[in-house]
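Please open the structure in your viewer and keep the selection tool at hand.

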Amino acid sequence: MNEYIAMSGTTFTDDDIERWAEDAESGQGYSGKHLGATIVGRPVSVGEKARPFTLRLDIARRAKLEKAAAERNTTPSQLVRDLIDAC
């Protein structure tokens, strides 16, 4: 039996993969506990009236945004929301 290490450091085996495949193919959906760290994203609290906002950025600015978000362990979208809220 092979043993693997996920990017998160979690160890799993071929048996785990088989079990996950059976669960996925059962059509019942996942009902277990959360397996990894939560990643900040679109908050549920933005409400029904929230609408997307599109902003075109050149490659250099997009790279800066991605880097700044990664340094803060968040997403580019959440970083922009946080900056707006700080004003």
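Predicted model: local features only at pLDDT ≥ 70, side-chain atom pairs only at ≥ 80, totals over all residues.

Residues are numbered from 1 along each chain as its sequence is written, and side-chain values use heavy atoms, with hydrogens and water left out.

First, colour the protein by pLDDT, the predictor's confidence in each residue, from 0 to 100. The average is 84, and 78% of the residues score at least 70.

Next, select helix H1 (14-26); helices are DSSP runs of H or I with at least four residues, numbered from the N terminus. Here arginine 19 and aspartate 16 form a salt bridge, at 3.1 Å from N to O. The term denotes a side-chain nitrogen of Lys or Arg within 4 Å of a carboxyl oxygen of Asp or Glu. Aspartate 16 is buried at 16% relative accessibility, whereas arginine 19 is partly exposed at 42%. Buried means under 20% relative accessible area, exposed over 50%, and partly exposed in between (1.4 Å probe, protein chains only).

Then move to helix H2 (59-71). Select glutamate 66 and arginine 62, whose salt bridge brings the closest N and O atoms to 2.7 Å. These two residues are four apart in helix H2, and therefore about one helical turn separates them. Also in helix H2 are glutamate 71 and lysine 67, joined by a salt bridge of 3.8 Å, N to O. Glutamate 71 is exposed at 56%, and lysine 67 is exposed at 54%.

Finally, select leucine 57, in the loop between helices H1 and H2. Its relative accessible area of 33% makes leucine 57 partly exposed.
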